[in-house]
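Student: Please take a close look at one part of this model. I would like the helix packing and the loop beside it, with the criteria spelled out.

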Amino acid sequence: MDLSWILGHAKTSFHHAKDPISLPLRTGRKESLLKVCESVTPPCRLNPLLFNGHLQTFMTVVKNQDIPIYYKRKVFQADDPAYTGSFAVDFVVQRYDGTDETLPPKTTHYSDEEAENLGSLDRKPMLVTLHGLSGGSHEIYLRHVLEPLVCVEDGWEACVVNSRGCAKSKISSGVLYNARATWDLKQVVAWLGVRFPNRPLFGLGFSLGANIMTNYLGEEGYNCVLRAAVVCSNPWNLEAGSLALQRSWLGSEVYSRTMCTNLKALVDIHAEQLSKNPRVDWERVRKTRYLHEFDREVQGPTWGYPTEGAYYRDASSSDSLLAIRVPFLAIHAEDDPIAVREGIPYQEFKQNPYAVLCTTSMGGHLSWFQSGGERWFAKPATGFLKKLADEVALDDISRSVRPTANGSVEDSVKTPCFDPMRRKLHVPAQTSYL
């Protein structure tokens, strides 16, 4: 009987295709994506007092660390007429004096002149980050990954795309965001490509942001501008996760209820703008108690889904995984009480040579706390990104390796094919969501 968990020793496993892609190194050699992932992943040694996923996850509410990441904010106006409104992007900057009480700590606005002149011809790697449900650039779990990348000499550049209404950002339309809300990320990546044309761009997503990042990578496929990406604690199959939460007292009365409360707080903050959305009965929204009820009353009417289940099935990222064509590492704890194990697309990882899943037997949701307060997931995440940026000839990575699956996931005129990115939500031309 293995009792190593008593010491906080989690088992680490890798799930991948039979023949992962080979990455061309700058030395002229090649190294498989799997070997890269294994080489940057240290043993998972967690705090033995936090010996299950619930204890690890509960620890995230303890705000006892101050990671000195400073931001300046630029507000974008959506350029897609179907998704009008504004959203905020926070750029990591050098430490400064001064505060803005209307924004999260260590965050101020760029001046109009500074925002207009943003841009550079440098070749620094840049990280584009998405946070979790109702979070923002201020989240500790996010800064654990940013710090070892940006707070060093000749470090990375980074920005965080805040979901609409999050991180004290203002909204100018009648909608917030959803688990398929890739449009703001897509606009930011295109903008960065123009303003910073020489920078290799990388992606990082957490929880709901991981789901959005995975959907974005799948949508972009062969044409993806990002060179590689990491996701942590992705819920993957939203319907499976929702049903799992409803099955237990902790799932429904602690996790689901807390997430619903956080989302209703966003509704209250932005009540004036959101009230312009005639599709939603906001009084019914305020009476919801659980996450699936909130999604039933908000995401369904807003986007035309008949039920929350239809929304979950359409917005899940487990199929999008099959369409990714850049090096991709997913990190997941199998005792995660929110992004549950039954939602992990193990078989889909076996079909995509561009993707590797690293699972740990313990770690909770966005947690992985170690005895000294560090968070283990930051080590493989930053190690993978650094390895790709420093040692891999990014321009020489092939995007033409065909996945192997039952039948095919590629277009074919002779055999049945599966399109992993065919979605049920259709936004007609000229439609505006307020």
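Tutor: What follows covers a helix pair, a loop residue, a strand and the cysteines.

This is a predicted model, where local features need pLDDT of at least 70, side-chain atom pairs count only at pLDDT 80 or more, and totals for chains, interfaces and linings use all residues. Numbering starts from 1 along each chain as its sequence is written, and side-chain values use heavy atoms, with hydrogens and water left out.

Start with the helices. Helices (H or I, at least four residues) and strands (E, at least two) are DSSP runs, numbered from the N terminus. Two packed helices are described by the angle between their axes and the distance between the axes. Here the axes of H5 (residues 183–195) and H6 (residues 208–220) come within 10 Å, crossing at roughly 65 degrees. Axes are lines fitted to C-alpha atoms, for helices over the stretch in contact; angles run from 0 to 180 degrees between N-to-C directions. The crossing of H5 and H6 is right-handed: the near helix is turned clockwise from the far one by less than a right angle.

Contact means heavy atoms within 4.5 Å. On the H5 side, Leu185, Lys186 and Val189 take part; on the H6 side, Met213, Tyr216, Glu219 and Glu220. By class, that contact has 4 nonpolar, no polar and 3 charged residues. Ala, Val, Leu, Ile, Met, Phe, Trp, Tyr, Cys and Pro count as nonpolar; Asp, Glu, Lys and Arg as charged; the others, Gly among them, as polar.

Now the loop. Leu226 sits between H6 and strand S12 (229–232). Leu226 is buried, at 0% relative accessibility. Buried means under 20% relative accessible area, exposed over 50%, partly exposed in between (1.4 Å probe, protein chains only). Leaving aside residues up to four places away in sequence, Leu226 touches Val189, Met213 and Tyr216, among others. Val189 belongs to H5, and Met213 and Tyr216 to H6. Other partners of Leu226 include Val326 and Arg399.

Next, strand S6 (residues 70–77). Of its 8 residues, 6 are buried. S6 runs antiparallel to S7 (residues 86–93), joined by 8 bridges. Strands pair if DSSP finds at least two bridges between them. S8 (residues 107–109) pairs with S6 in the parallel sense over 3 bridges.

Last, the cysteines. The disulfide count is 0, with a cut-off of 2.5 Å between cysteine sulfur atoms.
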